[in-house]
Amino acid sequence: MKAIVFEKVKSSKNLVLREVPKPIPQDHDVLVRIHAASVNALDYRPMQMGIGMPKSRIFGADIVGTVESVGGQVSTFKPGDMVVGDISDNGCGGFAEYVAVAEDALVLKPEVISDELAAAVPVAAVTALQALRDKGDIKPGMNVLIYGAGGGVGTYAVQLASYFGAHVTAVCSARNTELVRSLGASEVIDYKLEDITTSNRHFDRIIAINGHHPLSAYKRILAPDGMLVMVGGSLKQILTALFFGSLLSLVGNRKIRTLAAKPNVRDLEFVLELVASGKLRPVIDRRYPLEETAEAMQYVSEGHAQGKVVITIGSN
Ligand SMILES: NC(=O)c1ccc[n+]([C@@H]2O[C@H](COP(=O)([O-])OP(=O)(O)OC[C@H]3O[C@@H](n4cnc5c(N)ncnc54)[C@H](OP(=O)(O)O)[C@@H]3O)[C@@H](O)[C@H]2O)c1
């Protein structure tokens, strides 16, 4: 089968299309013929940092495809089922024609959702859900700031915050203003024109997804009893939140929490159901064929994708 393989070579292009053996499903595995995948930071970050990189690594966490065959102990799926999953806990492998993955990483794809739209859902939408609902304990009527609203996680966070009944203020650049408003933000701030962290505004929840402000700046615009949920941004910012967040939370009632999103099939089913019923809209910026996955990864890693970037691999 064809796969995009990471190879340690001196040239800057180290993601290459290779012919590799088709995986063989183990007892609890499902062999999926992949139709589409999408790019996430967890795909390109390890490569950029050069850490934890096994030889011949195949990236790709978000997958959509058809079940080709199943292992002897598989009870949930049968050949022909259309499935979706975040397979990051199974070693990834989505930028390929086939992957063998544990059945408990997958859910059935609602028929009404296209392959490309479904591929844009798992990591980004579940991250936004866990940030708002689980870490953020979001409630109707809250004033919520989504900082860095234009990307994969941000476009879902705006919609989910609005779905949960919050009043949403979103921060993005001018090119994303109309999009983010159409997703449910009541107010949109262009970060190039205005620094919200120096304003007199106060928010019950701040979901920090992209952008680079010190924790003290976010804390300044938290309402009393407010909470900052750190999702992404600069490495320094995330590490500070991770190591000093609880310490800083001790001063006053304002809390700082750091999200480490986890693949969760129930959460995935929840967001897919919202997509199927038209309450959540995956935003796709670009589509690349499998052969151009390196270009897709490069584009997303530059940090200005508008929503998600999808890799198209085959059709059903
Ligand atoms: N904690 C977790 O468990 C978890 C899980 C998933 C992802 N993450 C992290 O979450 C972050 C976002 O992921 P993603 O997939 O949504 O990334 P993404 O799609 O690459 O984000 C791109 C977006 O970021 C916006 N952006 C860039 N610089 C900005 C700035 N200074 N201020 C405001 N917005 C800015 C861009 O908007 P403009 O073009 O308008 O600048 C673009 O729309 C990443 O850091 C990722 O590592 C964390």
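Predicted model: local features only at pLDDT ≥ 70, side-chain atom pairs only at ≥ 80, totals over all residues.

User: Okay. How does the radius of gyration of the chain fit with a compact globule?

Analyst: It agrees, because a compact globule of 316 residues would have a radius of gyration near 20 Å, and the protein chain has 20 Å. Along the principal axes, the C-alpha atoms fill a box of roughly 60 × 45 × 35 Å.

User: And how many helices and strands are there?

Analyst: The protein chain has nine helices and 15 strands. As for contacts with a separation of 6 or more, 66% of them link residues 24 or more positions apart.

User: What domains does the assignment give?

Analyst: Domain 1 (2–121 + 282–312) and domain 2 (123–258). Their centres, taken over C-alpha atoms, are separated by 28 Å. On the contact itself, domain 1 puts in 13 residues and domain 2 puts in eleven residues.

User: What does the domain 1 side of that contact consist of, by class?

Analyst: The side of domain 1 that touches domain 2 has six nonpolar, four polar and three charged residues.

User: Switching to the ligand. How many residues surround it, and which are the closest?

Analyst: There are 32 residues around the ligand, and the closest are Gly150, Gly151, Ser173, Gly211 and Gly232. By class, that shell has 14 nonpolar, 17 polar and one charged residues.

User: Which domains does the shell draw on?

Analyst: Domain 1 (2–121 + 282–312) and domain 2 (123–258) each give at least three residues to the shell around the ligand. In terms of elements, α3 (122–135), α4 (152–163) and β9 (167–172) each supply at least two residues.

User: Nice. What about β3 and β4, in which sense do they pair?

Analyst: Antiparallel: strand β3 (residues 29–38) and strand β4 (residues 62–70) pair over eight bridges. Ala37 stands opposite Ile63 in β4.

User: Where does β4 go from there, say with β5?

Analyst: β4 and strand β5 (residues 82–86) run antiparallel, joined by five bridges. Ile63 turns up again here, as it stands opposite Gly85 in β5.

User: Is Cys92 buried or exposed, and why?

Analyst: Buried, because Cys92 has 24 C-beta neighbours inside 10 Å, and 20 or more is the cut-off for that.

User: And Asp137, what is its phi?

Analyst: Near 45°, again a positive value in a residue other than glycine. Asp137 lies in the loop between α3 and β8 (143–147). Asp137 is partly exposed, with 14 other C-beta atoms within 10 Å.

User: Moving along, where does His212 lie?

Analyst: In the loop between β11 (203–208) and α6 (215–220). His212 counts as exposed, because it has 12 C-beta neighbours inside 10 Å.

User: What does His212 touch, leaving out residues up to four places away in sequence?

Analyst: His212 touches Gly233, Ser234 and Gln237.

User: Last one: where is Gly252 found?

Analyst: In the loop between α7 (235–249) and β13 (255–258). Gly252 is exposed, with 12 other C-beta atoms within 10 Å. From Gly252 to Asp225 the C-alpha to C-alpha distance is 8.2 Å, and the two are 27 residues apart in sequence.

Methods
Residues numbered from 1 in each chain as written. Near = placed C-beta within 6 Å. Helix = DSSP H or I, 4+ residues; strand = E, 2+ residues; numbered from the N terminus. Nonpolar A, V, L, I, M, F, W, Y, C, P; charged D, E, K, R; others polar. Domains from an automatic or database assignment. Rg over C-alpha atoms; globule rule 2.2 N^0.38 Å. Contact = placed C-beta atoms within 7 Å. Pairing = 2+ DSSP bridges.
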